Amino acid sequence: MRADVVVVGAGPAGLAAAVRLAEAGRQVRVVARGNGFTHWGPGAVDVLGRLGGERVERPLEAAGRLPADHPYRLAGEAALRDGLDWFLRLAGAAGLAHAGDPERNRDQVTALGTLRPTCLLPEPAARPLTEGGGRVAVVNFEGFRDFWPALCAAALRGAGVDAVAATAPLPRWDHARYFTGIELAKAIDDDGFRRRLAPGLARAAAGAAAVVVPAVLGVGDGHTAWAELQRLVGAPLVEAATAPPSIPGLRLFAAYRARLDALGVSWQFGFPAIAVERDGDRVTAVRSEGASRAVVTHCQELVLATGGVAGHGIEANRDGTLAEVVAGLPVEGFGNRTAFVADRFLGEHPLGAAGVRVDAELRPVHRPGPRSGSPSGSPVLANVRCVGGLLAGHDPTVEGSREGVALATATRVAQLLAPAPTPVS
Amino acid sequence: MTSLDTDVVVVGGGVTGVAVLRDLALRGVRAVLVERFDLGTGTSGRWHGLLHSGARYAVRDQESARECIEENTVLRRIAPHTIEDVGGLFVLLPGDDEAYAGQFVDGCRASGIPTEELSAAQARRREPLLAPGVRLAYAVPDGGIDSWGLLRSMAADAEARGCRVLVRHPVVGVERDGDRIAAVRVHDRVAGEDRLIGCQWVVNAAGPWAGEIGRMAGVPIRMIAGKGVMVVMASRYVRGVVNACRKPADGDIIVPQHEVAVLGTTSVQVDSPDDITVAPADVDRMVDMCAQMVPSIASGRVLRAFAGSRPLYQPESADGDSGGGDTREVSRTFTVLDHASRDGLANMLSIVGGKLTTCRQMAEALVDRLAERMGVTEPCRTATEPLPGADHGPHRLAAPLAAVEREVAYGELVCECELVTRDQVRAAVAGGLTELEDLRRKLRLGYGPCQAAFCAWRAAGMLAEGRPEGSEDALAGLERFLEERWRGQQATTWGDQARQALLNHAIYRGTFDLRGAGRPDEAAAAGLAPAEPGEGDPTTRVGSELVGESNGRTSSKAGG
């Protein structure tokens with residue numbers, strides 16, 4: 001196998017980097033263990049939701065005040081703005097129009113009835129619950145186990161929203177005893193099913209000004225199912241973020257994949273990258289391993305988008321050390337493993353912010369400290385770039401910055417690696 | 001303040017107290033059991049789940065060994081539904097002392113414990129993951145037992161026979177009338193008020209906390225807190241129990257329990273039964289030692305670690321410095337204290353020491369003594385009368401999965417790891433359970449590899465369905481449960497489990513935006529400052545409910 005640029009990882013950062021590099025004219029190959037955070041997250045574009053636990057109102061402005069080693073500072077504000085603009089165009093062209101203003105955060109309603117701060121939201125989730133006033137109905141589809149309207153409505157009332165809980169019957173179908181959000185979303189893709197579903201949903205909504213439902217309104221055709229069902233019900237439908245798998249994330253993943261296919265980017269899924277081949281300070285190939293065989297992919301440039309510890313990019317060892325799994329890049333560890341985590345589960349775990357330190361061109365750098373052989377801050381490998389959750393200096397969960405960092409750093413990498421250099425003979 | 005009257009107040013909702021209650025019920029005595037939290041929240045819920053054959057004690061403590069094998073046989077008869085009848089092995093590793101193996105076989109024979117010697121090949125056929133170096137093994141009738149199942153069955157039987165169980169009723173004081181206890185004062189934590197229970201007799205079955213009840217009643221009972229650390233692996237590894245055939249030591253047992261395996265255990269004297277901290281070094285030692293028997297444990301996924309406190313009794317005659325070290329020297333047998341002859345307190349008995357396997361026998365010995373004093377002539381029937389549920393036969397690991405498959409009920413699962421269905425949760429909620437922790441103990445919700453990532457909020461949603469509007473911050477109970485579950489994980493977060501922890505964090509703090517800010521945990525709710533780990537001590541706290549409650553108790557009317 002051979003590619004101009006190998007992107008390792010298919011989460012928000014790897015997907016964006018692969019598309020942007022391909023759009024810039026590079027020949028790209030994606031090597032991935034499996035799905036990434038698109039499938040696990042709330043289906044929004046977080047830029048900067050919280051700082052020090054406090055809600056951020058103006059994410060772009062606040063991002064500029066972050067420490068100098070934060071990925072946003074390294075990528076620069078221009079890359080972040082450009083990344084968000086690019087994303088809005090990509091999503092819109094794929095039938096996944098998003099609403100929102102990079103300058104201001106907004107609320108995303110969740111299945112637990114919390115209102116999480118985020119920046120851009122897919123249209124089915126975007127309508128503010130307080131818009132126009134009036135009562136909000138929180139409605140589940142009968143038998144769906146990943147949405148509990150009583151809990152959601154109770155928490156919303158706690159947040160000052162006039163919310164009531166209800167349940168809508170499901171039309172007769174094949175999955176009565178066994179369905180997840182994905183089966184339900186696929187069923188709702190079907191026009192006939194939607195038409196049978198709508199009257200019960202309308203009755204459950206009982207004239208509410210807005211109807212909060214789990215984010216399961218179709219998965220195969222962008223926002224079509226949501227728009228159609230909303231028309232049939234005659235009231236605004238608002239998709240609430242649920243626990244994984246994220247249906248909005250699946251929609252977005254499908255859009256990325258279609259775009260990559262259109263750009264001729266090749267894929268190698270189910271093959272985690274396990275090592276690199278090197279020539280001096282350059283990586284010449286990536287070794288990956290599937291169930292049956294190992295594959296070597298030669299490359300000019302390597303982009304690592306493997307995520308932090310949560311994404312499999314970094315291994316947290318029993319002795320408190322950390323290891324970057326593909327290229328053995330330096331990662332600052334901890335004295336012992338109790339330092340990995342906080343006393344409170346809902347607190348801030350140091351492990352969540354662990355990552356690879358990079359220079360202004362997103363190249364991994366040597367660890368500071370007297371014992372490393374090379375000067376601190378100099379690149380470890382000349383043709384390796386790191387993007388997204390793998391980067392040190394941020395905790396995407398605690399900050400609510402996952403998609404913004406992914407887009408900003410992917411954009412920066414695409415700028416750095418374009419146009420394509422003359423191939424090395 | 002409300003009050004009620006009964007003949008006997010039993011203090012302590014562990015297996016001993018509940019076994020005493022059932023014994024009293026079968027003899028027709030009116031009794032009320034009071035428990036500060038839920039049944040099995042102390043030592044009875046913080047152990048490895050081993051139904052002892054007694055072989056572990058065969059060399060050094062044959063009295064305990066005999067008690068164990070007798071009760072092992074009885075429990076299989078009266079409570080088979082709580083038992084995983086998996087058997088056990090004692091394996092001899094390279095370097096283990098063969099002389100000890102000889103003493104072991106002799107001790108088992110002398111104690112009445114059947115053993116069968118297996119060659120290395122036979123042992124590995126039975127346990128394929130055993131270390132290649134295992135030289136030989138002895139098969140013994142060890143098993144697994146679900147103490148919460150046992151507790152529920154005994155309590156249900158006692159209640160059906162007219163006795164009462166009051167959970168969330170900590171004892172806050174004892175009303176003396178001369179040389180007698182006239183009443184026990186408890187605090188109803190749900191109603192938020194004290195209740196006075198007038199009684200003729202008091203049974204102190206508070207386990208490691210027996211000394212505190214003794215203090216309230218004005219009698220000295222010297223308990224030794226013997227901390228045992230246990231480590232939970234994400235899969236079973238073994239078909240049956242695997243023990244090291246050597247002098248009892250840290251990390252010498254692997255107990256398969258439902259979907260997981262529990263590695264045990266340490267035995268260290270600590271100052272307080274509420275000290276149930278787990279140090280990472282304890283976890284490492286347990287994993288490394290058990291990996292000598294089953295090597296794949298070394299690279300396995302550790303779910304969590306927890307500690308319990310053994311209810312070891314220090315007889316007055318042996319009073320003195322017990323060294324503060326290894327508590328394995330202290331006998332595992334039990335003692336009934338009659339405070340009339342011992343302390344001049346006419347109507348209280350205490351039961352101390354012992355172990356879960358012998359809980360029924362302990363109750364029998366105590367109630368025999370009490371019945372004699374009360375003039376009750378009805379004999380003990382607990383050894384022959386099966387418990388409710390016994391007709392289901394032994395617990396089989398695959399049974400819950402088979403039931404789900406039969407019903408094609410995959411979509412009904414609230415907890416995929418432990419195969420808990422929506423109907424089970426609904427029934428439990430309809431039965432009055434209001435806390436996720438209670439659902440966990442009743443249904444094993446949240447025990448599995450994902451450590452409640454998905455089931456916790458589903459179950460919270462189901463609890464919310466029946467709750468009146470505005471009764472509590474809707475999410476506080478969920479946050480409490482998540483924090484409670486986390487306490488067992490701080491010493492075990494690395495490798496795959498670190499990924500799981502960060503994923504769970506991304507779900508609850510990321511997607512659901514829970515921060516726990518201003519939402520107090522149980523200790524804070526009780527008006528107590530959370531205890532901090534010792535300075536410079538790399539330990540983590542587990543199960544702070546015990547810490548919190550103990551503080552509440554000692555600062556109450558104990559001196560009165």
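Predicted model: local features only at pLDDT ≥ 70, side-chain atom pairs only at ≥ 80, totals over all residues.
**Entry 1**

I took helices (H or I, at least four residues) and strands (E, at least two) as DSSP runs, numbered from the N terminus; two strands pair if DSSP finds at least two bridges between them. S11 (residues 171–177) and S12 (residues 180–188) of chain B pair in the antiparallel sense over 6 bridges. Their hairpin has 2 residues between the strands, and B:Gly178 takes a positive phi near 65 degrees there.

I then followed S12(B) to S13 (residues 193–198) of chain B, with which it pairs in the antiparallel sense over 6 bridges. B:Arg185 stands opposite B:Leu196 in S13(B). In this hairpin, with 4 residues between the strands, B:Gly192 has a positive phi near 75 degrees.

**Entry 2: the sheet**

I traced an open sheet of 4 strands in chain B, in the order S1-S13-S12-S11 and with mixed pairing. S1 (2–5) and S11 of chain B are the edge strands, each pairing on one side only. The twist averages 25 degrees from one strand to the next. Helix H6 (residues 210–217) of chain B packs on the sheet and touches S11 and S12 of chain B (contact: heavy atoms within 4.5 Å). The direction of H6 makes about 40 degrees with that of S11(B).

**Entry 3: helices H11 and H13 of chain B**

I checked the axes (lines fitted to C-alpha atoms, for helices over the stretch in contact; angles run from 0 to 180 degrees between N-to-C directions). The axes of H11 (residues 422–430) and H13 (residues 455–465) of chain B come within 10 Å and cross at roughly 40 degrees. B:Arg422, B:Val425, B:Arg426 and B:Val429 in H11(B) meet B:Met462, B:Leu463 and B:Glu465 in H13(B).

**Entry 4: helix H14 of chain B**

I looked up burial (under 20% relative accessible area, 1.4 Å probe, protein chains only). In H14 (residues 476–486) of chain B, 11 of the 11 residues are buried, so this helix is largely enclosed by the rest of the structure. The buried residues include B:Leu478, B:Phe481 and B:Trp486, and also the charged B:Glu479 and B:Arg480 (Asp, Glu, Lys and Arg count as charged).

Conventions. Residues numbered from 1 in each chain as written. Chains lettered and ligands numbered in written order. Heavy atoms only, no water. Buried < 20%, exposed > 50% of the residue type's maximum accessible area, 1.4 Å probe, protein only.
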